[in-house]
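Welcome! Here is a short tour for anyone meeting this structure for the first time. Take a moment to look around before reading on.

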Amino acid sequence: MTLAETSRLESKVTHPTLVLWLIVGWVGFALLPWYGLEDGILSFEWLLDGYPFEDDYAPALFLGLQGQKLWLMPLALFLAMPLLAIGKSRSDESYGKILVIAGALGFGWLILQGFSIGIRGWNFEWLNQLFGELGDRQFGMGSGAMLVASAFLFIFTQGIAARGAVNGDIFVVGAIGFVVAIVTTFVFYPIANMLASAFITEENTYSIRVFFDKFTDRRLWGLSCITAGGRCGAAWNSLFLAILVGIITTGLGLAFALAVTRTNMRFKQALRALTVLPIITPPFVIGLAIILLFGLSGSVTVFISDLLGIQPTRWVYGLPGILIAQTLAFTPIAFLVLIGVVEGVSPSMEEAAQTLRANRWNTFRTVSWPLMRPGIANAFLLGFIESMADFGNPLVLGGNYDVLSTEIFFAIVGAQYDQGRAAVLAIVLLGFTLAAFWAQRFWLGKKSYTTMTGKGDSGIHPHLPRAMAVPVFTIAAVWTLFTIIIYCMIIYGSFVELWGINNSLTFKHYITAFSVRLDAEGIRWTGSAWNSFWTTIQIAGIAAPLTAIVGLITAYLLTRQNFAGKNAFEFGTMLSFAIPGTVIGVSYILAFNVPPIEITGTGIILVVSFIFRNMPVGVRAGIASMSQLDKSLDESSLTLGANSWQTFLKVILPLLRPAILAALVYSFVRAMTAISAVIFLVSAEYDMATSYIIGRVENNDYGLAIAYSTTLIFVMLAVVGAMQFLVGRAKIGRRLDQSRTNV
Amino acid sequence: MKKTTTIALLSSALLASSTALASADKLTFYCSAQEEWCQVMANGFQDATGIEVNMTRKSSGETFAQVKAESSNPKGDVWWGGTGDPHLQAAEEGLTEPYVSPMRGELNDWAISQAESAGDKTIGIYSGALGYGYNSDLLKANNLPEPKCWKDLTKPEYKGHVQMANPNSSGTAYTTLATMVQLFGEEDGFQFMKDLHKNINQYTKSGSAPIKAAGRGENTIGIVFMHDAVNQAVSGFPIEVVAPCEGTGYEIGSMSIIKGARNLEEAKKFYDWALTDEAQSLALGVKAFQVPSNKGAETSPSAPDLSSIKLIDYDFKKYGSSDERKRLLKKWDDEVSTLPQ
């Protein structure tokens, strides 16, 4: 914080931020219904139905006045305490102390009462013994409780800031507190809850032996695929597959990124659009297309076996099939990460190298390539983790090649219902992904990758040396062709009666799914898919911007601020990405089906799960872009008197457009195509497109599944295009056209 | 940070606004049969009673997991469909509510005995026999004889042509394992599973996947419930259905009321309605070829006729219990799945 700003704050004793949060807190306590409403807060039925005295709708204050739920009353005291601080100056020692104490006690009390008192009175037996039967109960927290909780949180962070944390920056401390609070609630708490079940015995006691029995299982670590003709354990299978996928997708993604930015290849825009295709494809579809091309009766297999006169085989089921499908699906993610980095490498450096007479090959090898390393490492990490957590492709194409993600799913939903085994498998999976995470940190080391300094950063990227341009171009072209074929097959498949058996063309599947009738009451959505379609659009549309906001704020804190526990903070925000969706799904049901947070069966739980599943991508994209922006940009903004919120908003954010776009697109698309966590969280009211599609696939009704998926692809294309238009492209100040003279 | 809170509020508000206004009678219906069948059951009940139905379709294993996870705060009211084992398991663990329906007089004996074995916490709504189906085109292309019995499947010429689900993940495959143990005795039953193992090309995760793969031409013979095979044949796939000559086991699709249901009265209404001949005849319209439990319900000519199939006296109580299930699965894991193929 600068001197100017400090003195400005000194002069104001009113503390507008503090007052704002106090108002929020009191509104939550005295005006809004404390508990969750079955019909949601916005039905406004509660306003007409006995509010504010009716138990179900009453704010905490009115409950207290009627002598009910008296355990909520101490909160009023903690909300009143900060009033003492309003008249004081910020530098006054007691100002910070009061806020810290009020915030911490209030927040702590809120959580304590929430966990202690549930729908059957006391939640713990020892409380029953200590205080006797409660004779009362409470349901999940509602809007009132939520406002009060946020008020306490930010009162606390303001107190901390006033006592000098992170240079007394209210915005930064508040943001850290906010991210820590939500990540703890929606990642650590449910996961800890779930992992504890790895140690639960059948008699409901805890034992470390149960864990080791399950951990040393042959189905997990067996190596008989190397020694004898048997099968290897799921752990080895997953690891091997993920490493392969990580390497291949990173290589392909880099090839595409280089081809787009550094060759004078034509159809660049088309290629760019094409790489986005697999990412907007619902699960299973690529797998189905691969089966129909390469399966035992697949077109390609049959053609080749006829040609060579050999018996067709089931070669595609197992490692080869999963590998092809995952490479198709995850290369675009690597591309999206790498394109930002490859574009972001400042041409000034490369021009400098060329001025110093380095040839193109040497420039690339010693300047461009090392600067791309953070991108390479991030792309590999994403590919690795995505492959580890992927669920749809192994399910369709896995054959006998068992991987951890599907094993976890069937440990829970299978005939065995072994939650402990699922938890143990999840721990193994988590171990692998964390190891990859650390390996990446180790490789990148502590070097600086900053090239965008704001100091006259213009120029054009040099072209690739010919020895590289040709293979890069060839790989890109071959892969492009393959992708096009797969997609043509998919679109074709949505128009045939019964793919492979009866190939007559029909609109039948689209009509079943999306028929619309006009009558006196207006439009009637009669198709069977409309319900899940609208829900999906709504949920994805809400989740995407929230994910981008949380992700970028986190990335900003990680790259731009120093604070105690930063490493633990980074670990926490990345954790949810490393955990497979199936585990998230089950842990969410277990954690959020009971008070204090009771959101299963609502749309909120879907939104929340998407935010925390996809936030890490926003964080990674943000970090990758921000580590290229020199700190001098922030510093000059701060020196000129802006505070860190303004700096973030006006300086960092505009330069982050590629990262924002990546985060928005990714989270929207993932919210529409995710399946593994969703399958546990959908409810009758909130059914999602993917879970509907799975039902069709399970039923061998490929036509409808593919028709629905095709529709989703076009919808997502439209939305992604609109987002690109709205967010706009980053104007980093490069000359726009790559002139032909630049060689 | 002010903004984030506003947005969080706004989003929860948006979600809340989209929930429908409350109406007097509603029912949350967990369905474990195929999608269309679930749909016609939900709509049929809504039309018959005016009670608004919220339906979620998941496989019986998934539904069991969900009911168990939600047990301290149940969201569902009635669970209809899916193989009987998870229903029995739910009854064993006290997740479901006992109920004696006035409709019992119209039901087949096997449906009632299912209810009695679970202390009235579940009841049979349909049944289906185990068997297998083969893709006649592929069989011809590979010059293979038509299999007729269980033992045929262990012949070396079928190597790499047979598919079944993994008993660890699928109720269908567990029924197969338990059937072999009851049909041939434990020792010979396991010997059969070992011989069969040599011919298996893949243990799928889901129970009906083998016959669906066969329908698409990705597999030759699939061991499944016969009504699933009939469904594929009727849908236009080149599938022949086989009732094995040695006799076979069967499943009883079941229905249970969830303990602590929020709409208990509506759940009971649904329960009674689902046992009527009228409700059970709806199955025909959606290609569900199971045998209905109501004696008066219509059946399809394509459906396998249970009276002409040699059925074993399947001991649901013994083989549905957690202990026996765990023992058999562990034995299968240790002795069968580890063998080289």
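Predicted model: local features only at pLDDT ≥ 70, side-chain atom pairs only at ≥ 80, totals over all residues.

A crossing of two helices is called left-handed if the near helix is turned anticlockwise from the far one by less than a right angle, and right-handed if it is turned clockwise.

## Chain A as a whole

Let us begin with the overall make-up of chain A. It holds 35 helices and six strands. Of its 743 residues, buried ones make up 50%. Looking at contacts in chain A with a separation of 6 or more, 76% are between residues 24 or more positions apart.

Three domains are assigned in chain A: domain 1 covers 3–163, domain 2 covers 234–405 + 459–501, and domain 3 covers 512–727.

## Where domains 2 and 3 of chain A touch

The C-alpha centres of domain 2 of chain A and domain 3 of chain A are 23 Å apart. Across this boundary, 30 residues of domain 2 of chain A are in contact with 34 residues of domain 3 of chain A. On the domain 2 side, the elements of chain A that give two or more residues are α16 (285–294), α18 (319–344), α20, α24 (466–493) and β3 (496–498). Which of them gives the largest share of that side of domain 2 of chain A? That is α20(A), with six residues. By class, the side of domain 2 of chain A that touches domain 3 of chain A has 21 nonpolar, nine polar and no charged residues.

Two packed helices are described by the angle between their axes and the distance between the axes. Here are those values for two pairs.

| Helix pair | Axes come within | Crossing angle |
|---|---|---|
| α19(A) (residues 347–355) and α20(A) (residues 360–389) | 10 Å | roughly 165 degrees |
| α26(A) (residues 530–560) and α32(A) (residues 657–673) | 8 Å | roughly 145 degrees |

Take the α19(A) and α20(A) pair to start with. Angles over 145 degrees count as roughly antiparallel, and the axes of α19(A) and α20(A) cross at roughly 165 degrees, so the two helices are roughly antiparallel to each other. The crossing in which α19(A) passes α20(A) is right-handed. From α19(A), the contact is made by Met349(A), Glu350(A), Ala353(A) and Gln354(A), while α20(A) brings Thr363(A), Val367(A), Ser368(A) and Leu371(A). Sorted by class, this contact has four nonpolar, three polar and one charged residues.

Is Met349(A) buried, exposed or partly exposed? With 17 C-beta neighbours inside 10 Å, Met349(A) counts as partly exposed. Met349(A) and Ala642(A) are 293 residues apart in sequence, and their C-alpha atoms are 30 Å apart in space.

Now for the other pair. The crossing of α26(A) and α32(A) is right-handed. Helix α26(A) brings residues to the contact that include Thr536(A), Ile539(A), Ala540(A) and Leu552(A), and those from α32(A) include Ala659(A), Leu664(A), Phe668(A) and Met672(A). By class, the contact of α26(A) with α32(A) has 14 nonpolar, four polar and no charged residues.

## Chain B and its two domains

Chain B is assigned domain 1 (25–127 + 251–302) and domain 2 (130–250 + 321–336). Their centres, taken over C-alpha atoms, are separated by 27 Å. In the contact, 13 residues of domain 1 of chain B meet 10 residues of domain 2 of chain B. On the domain 1 side, α3 (60–69) and α4 (84–92) of chain B are the elements that give two or more residues.

## Two residues with positive phi

Most residues other than glycine have a negative phi. Arg357(A), however, has a positive phi near 75 degrees. Arg357(A) is found in the loop between α19 and α20 of chain A, and it counts as exposed because it has 7 C-beta neighbours inside 10 Å.

Asn143(B) is found in the loop between α6 (136–141) and β6 (162–165) of chain B. With 7 C-beta neighbours inside 10 Å, Asn143(B) counts as exposed.

Methods: Residues numbered from 1 in each chain as written. Chains lettered and ligands numbered in written order. Axes fitted to C-alpha atoms, helices over the stretch in contact; angles between N-to-C directions. Helix = DSSP H or I, 4+ residues; strand = E, 2+ residues; numbered from the N terminus. Parallel < 35°, antiparallel > 145°, perpendicular 65-115°, else oblique. Contact = placed C-beta atoms within 7 Å. Nonpolar A, V, L, I, M, F, W, Y, C, P; charged D, E, K, R; others polar. Domains from an automatic or database assignment. Buried ≥ 20, exposed ≤ 12 C-beta atoms within 10 Å, placed from the backbone.
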